[in-house]
2 protein chains.
Amino acid sequence: MKKKNQIMLSDYVLSFLRNKNVKHVPLLIGGAISFMVDAFSRNKKIKYIAVANEQSAAMIADAYSRSGAGYSCTMATSGPGATNLLTGIACSYFDSIPSMHICGQVNTYEQQGFHKSTKKVRQVGFQETDIVNMAKPITKFSYKLNRPEEIKYILEKAYYISTTGRPGPVLIDIPMNFQKMLINPKKLRSFNQPKNKLLHLENKIRKFKSFLQKSKKPVIILGGGIKCSNSQNQLNIFLKKTQIPIVATWSGVDLIDHKDYRYVGNIGVYGNRSANIVVQNADLILSLGSRLDTRVTGGKPETFAKNAKKIIIDIDNYELSKQRGLKVDLKLNYNLNDLLKELNKYNIKITRNDWLKKSMNLNHLFKFPEFKKKLSKRVNPYLFVNELSNVLNKNSIIIGDTGSHLTWLMQDFKIKYGQIMFSAFGNSPMGYALPASIGAQIINKKKKVIAFNGDGSIQLNIQELQTLSKLNLPIKIIIMNNHGYGIIQQFQDLYLNKRHEASNRVVSNPNFKFLSKAFKINYNFIKKNNDIKKIKKIINSNKAEIIEVDIEDKEKIIPKLEFGKPIDNLSPQINLNSIKNYLSTS
Amino acid sequence: MKKKNQIMLSDYVLSFLRNKNVKHVPLLIGGAISFMVDAFSRNKKIKYIAVANEQSAAMIADAYSRSGAGYSCTMATSGPGATNLLTGIACSYFDSIPSMHICGQVNTYEQQGFHKSTKKVRQVGFQETDIVNMAKPITKFSYKLNRPEEIKYILEKAYYISTTGRPGPVLIDIPMNFQKMLINPKKLRSFNQPKNKLLHLENKIRKFKSFLQKSKKPVIILGGGIKCSNSQNQLNIFLKKTQIPIVATWSGVDLIDHKDYRYVGNIGVYGNRSANIVVQNADLILSLGSRLDTRVTGGKPETFAKNAKKIIIDIDNYELSKQRGLKVDLKLNYNLNDLLKELNKYNIKITRNDWLKKSMNLNHLFKFPEFKKKLSKRVNPYLFVNELSNVLNKNSIIIGDTGSHLTWLMQDFKIKYGQIMFSAFGNSPMGYALPASIGAQIINKKKKVIAFNGDGSIQLNIQELQTLSKLNLPIKIIIMNNHGYGIIQQFQDLYLNKRHEASNRVVSNPNFKFLSKAFKINYNFIKKNNDIKKIKKIINSNKAEIIEVDIEDKEKIIPKLEFGKPIDNLSPQINLNSIKNYLSTS
């Protein structure tokens, strides 16, 4: 019997999510989540997106958070439903994306340990799996609901943990019998949020200013943490009074217009030459929200910006304290938005016009594409990315998958401020871009969304073409077909005497034309460099379009850093002496 | 410099696997596993199968073990490669299938905790993920190699654990830099296998015989443990002197010819009426290698074979000791093969001809299909299964996916002894049958392999159609198209007032005809009952064939047990009194 103010636990969960601005929940139904999913029939303010494999649900959610919603949620059934989420959850964990994953678990009385004697039995309930422990290494909080009355406290706590400090995913496992139980939310315990204070700030800001004053060749690094902390407005205020070179990591690549008079390029193992050189010749690095991973610093962090003082702002003290060779001169363990707000009160001006001018001049030296002269009969990937970059306006979201194509995209796409560009950088699963593009498009109905794939990578979640088709999402699905894991081929060429085991023509592709037909999506083929100009019209279509781009198997990523070298020593190597001299005279 | 007797660690791993009769390793290449994969170029006795998503690799391996090889292995790269394996590994864990999963991990010097300061950093190396802890809840042993010199000991230990006692999967995480190191296997430490003894056996066998002597209505249950312990030969010897009713669980369904004069049917929630009734009226249950899960006993185990003594043989003492309502009168915690060998020395005869005859008579009462009279315009799934069963000869392997179609298959397929039939019963992931069929076919070149799917379930690993096509495997891929998760619809009809949230026409399918074309596989469509006879010719084809079978959305699983009822009370309910009387007069 329903008492006054009582609602079903599942209904409470949905209204909690809706209050956190979650309007779409990607999910796949199954027995153990069925009462939770049924709650959607009673709440018209929040919808589900029925996917074809839960792996995509977690990737859709990840991209949903990244492309404007700020928070996201998935639901999955027990056992395989839950374990299918894990690769996508890991994307959110390593890239600090806040999201909540709600798994249905078998009824409490069917669980391991409900009877003491069943604690060590492999499985009691059908499809019972210990997802809470499996997810622990890739979530900030992973918890199985013990009593229905905990739901309010646990949702609030999980949300707080997920969105506070360094953000990340959380998982809540809800037994099937709890999902339909009645609760009175007004009578339930709440979670009390700890207060957040900025400690020792004045002293740190004094040091910060002193480093800046002494520096002749400062460089700012824009990292993904700027997005995670919603610091873009404060950053723009800060940058208004700043005339020094600016570089970005891959995660921070869309934080500045690439035509900005201070933007040199993105840095790292696959970075732009000019940006890498500028960083290596700087005397001060101001890193905003980057963990300065070895993909940024090179395999030996001690070779990174060797002669520069380093100021690093990172919310994650573990990242700040790691001792992998990079000496940090000033560690600022604060929420970046809070810190920038404080800094902006001080009206700090940083102007190094000569150094800025010389840095920017490098861009002319290394014009795109480095190896344009060696054009093949098929499509040159750099030319293609260049044209794609030309035709996309600022209301575009570009999502890269994993492989050579991602590297080509990051190396030569020129961001117009307002565009959103990302991939699941830290986890880098193949098969991310297609589901991610669904997450981006459902929350950005009017934007152009581009899923930028390789022929190998798109196959991992190819089933979601149906989800996209069913929802009439006008996503542009680009397949850079270089015939079998090009980035692996390049590795095998370099380190394994060109033995292409399990790559290249050993793998193979379906016929993408017929595949498009099977999913009722238009198909386009870009066969040679002269065809590249067709892309404009295709992008302007208001329907979903598959665009297969034919690329030579052996098309390389150029430039690229070999292991252990300093990041200005990109291969193919060039003589850096004269450039260093040029920059050193600032 | 290579010294005498030294070989590369990766080469050692491959020859170890080959010695365990592993001839094919499903894998997907990636940076962190690339040195391991390269070893295949130097060993022609073992091959890799390049898959399109690691999830399938683990399912291929699982089925490879089940369908004759006895042992299997996968390889995957760090991070998403490894986490993609998990759903497939869980299949092996819950169904006791021995397999080994080798993950590449990032170089040791790029790992969390290599520098003490990085212990709590989310990720150090690119795509680093703590797969060892993630896999622990679904493996018997999960270990990251600490030193290259451990490799021999760890492989031997992992294999021993995997294949001894109740079998299951193991995972070994091998850092990239170890993969190419040189070792001298002759100088490495070995694992000493503990000795295995059968304790207290005589006393137990005395009790066993005494229970049998007193019983008037004994029933034998054949469970999947008979296969896991390779007891089929000993079982056949045992059964030669046994004339009593025999029933099977789903896992044990192919252990006896269904035309055997003693075989009543399979039992459980979706079991055959006659078999369920016979079990419920027995006075002795002899359970061979079944964990007597609630899918077998019904949701309330205390209602299962209430008036019968129970002798249960299970290698897993945790399963034997679970107290969920089932009272066990004689627990035999032995390896089934060892125990049957002993029992067979005693020349035990069990004959209850009257009881056997009456039990078998029940089969005529409940003839297939129960609801033949209500045939729809589209294909009746039971008629289809019946015909499939007619046309397949004993050299066939039939693999079910998850959903209504699996239930239809298990309810009405009549096994010819020699056929192999299975699904991943305990984990039951959608998307299992297609990769599993690849695993079955590569080790059984001359057998007919049938992947039996639903339209919803096949989508989860649809990408592997390309793997199948590339390898020219003549698999018959049946798609029972009942338009969106029929088993969920039936649940929603029963418990959720027919609200088909996230099921039925909310989900949708690609055009399977064009899909077949995209993967260069022949396509066939079975539209109505009169078309069913076409199946013979299609099955006889020596190429891969996709067979789409059009089924009404609302086609039900009949009969089916509602939660909590004794297993002879299958819905739709019938009057059991006269049958009980008939059986009780034995």
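User: In what sense do strand 13 of chain B and strand 14 of chain B pair, and over how many bridges?

Analyst: Strand 13 of chain B and strand 14 (residues 309-313) of chain B run in the parallel sense, joined over five bridges. Two strands are called paired if DSSP finds at least two bridges between them, and strands themselves are DSSP runs (E, at least two residues), as helices are (H or I, at least four), numbered from the N terminus. Within this pair, Ser287(B) stands opposite Ile312(B) of strand 14. The model is predicted, and therefore local features need pLDDT of at least 70 and side-chain atom pairs pLDDT 80 or more, while totals for chains, interfaces and linings use all residues. Residues are numbered from 1 along each chain as its sequence is written, and chains are lettered from A and ligands numbered from 1 in the order in which they are written.

User: Which partner of strand 9 of chain B is known, and in what sense do the two pair?

Analyst: Strand 9 of chain B also pairs with strand 13 of chain B, in the parallel sense and over five bridges. One of these links joins Val219(B) to its bridge partner Ile285(B) in strand 13.

User: How do you know whether strand 13 of chain B is covered or exposed?

Analyst: A residue is buried if 20 or more other C-beta atoms, placed from the backbone, lie within 10 Å of its own; it is exposed at 12 or fewer and partly exposed in between. By that rule, five of the five residues of strand 13 of chain B are buried. In a regular strand the side chains alternate between the two faces of the sheet. Here both faces are covered, with Leu284(B), Leu286(B) and Leu288(B) on one side and Ile285(B) and Ser287(B) on the other.

User: What makes helix 11 of chain B mostly covered, and what covers its buried residues?

Analyst: Eight of the eight residues of helix 11 (residues 273-280) of chain B are buried, among them Arg273(B), Asn276(B) and Gln280(B). The covering elements of chain B include strand 9 (218-222), strand 13 (284-288), helix 15 (353-365) and helix 23 (577-584).

User: Why is Asp329(B) called partly exposed?

Analyst: Asp329(B) has 13 other C-beta atoms within 10 Å, and this count lies between the two limits, so the middle class applies. Asp329(B) is found in the loop between helix 13 (317-321) and strand 15 (330-332) of chain B. Leaving aside residues up to four places away in sequence, Asp329(B) touches Phe211(B), Lys309(B), Lys310(B) and Ile311(B); residues are in contact if their C-beta atoms lie within 7 Å.

User: Which residues of helix 20 of chain A are buried, and what do they pack against?

Analyst: In helix 20 (residues 486-495) of chain A, the buried residues are Gly486(A), Ile487(A), Ile488(A), Gln489(A) and Gln492(A). They pack against helix 17 (404-412) of chain A together with helix 2 (34-38) of chain B. Just after helix 20 of chain A, Asn497(A) takes a positive phi of about 55°.

User: How many residues does each chain give to the contact?

Analyst: The contact takes 76 residues from chain A and 76 residues from chain B. On the side of chain A, the largest share, eight residues, comes from helix 4 (residues 80-94).

User: What makes chain A as compact as a globular protein of its length?

Analyst: Chain A holds 23 helices and 22 strands. Its radius of gyration is 25 Å, close to the 25 Å that the globule rule gives for 586 residues, so the chain is as compact as a globular protein of that length. The radius is taken over C-alpha atoms, and the rule is 2.2 Å times the number of residues to the power 0.38. The C-alpha trace of chain A spans about 80 × 65 × 45 Å along its principal axes, and 59% of the 586 residues count as buried.

Notes: Two residues are in contact if their C-beta atoms, placed from the backbone, lie within 7 Å.
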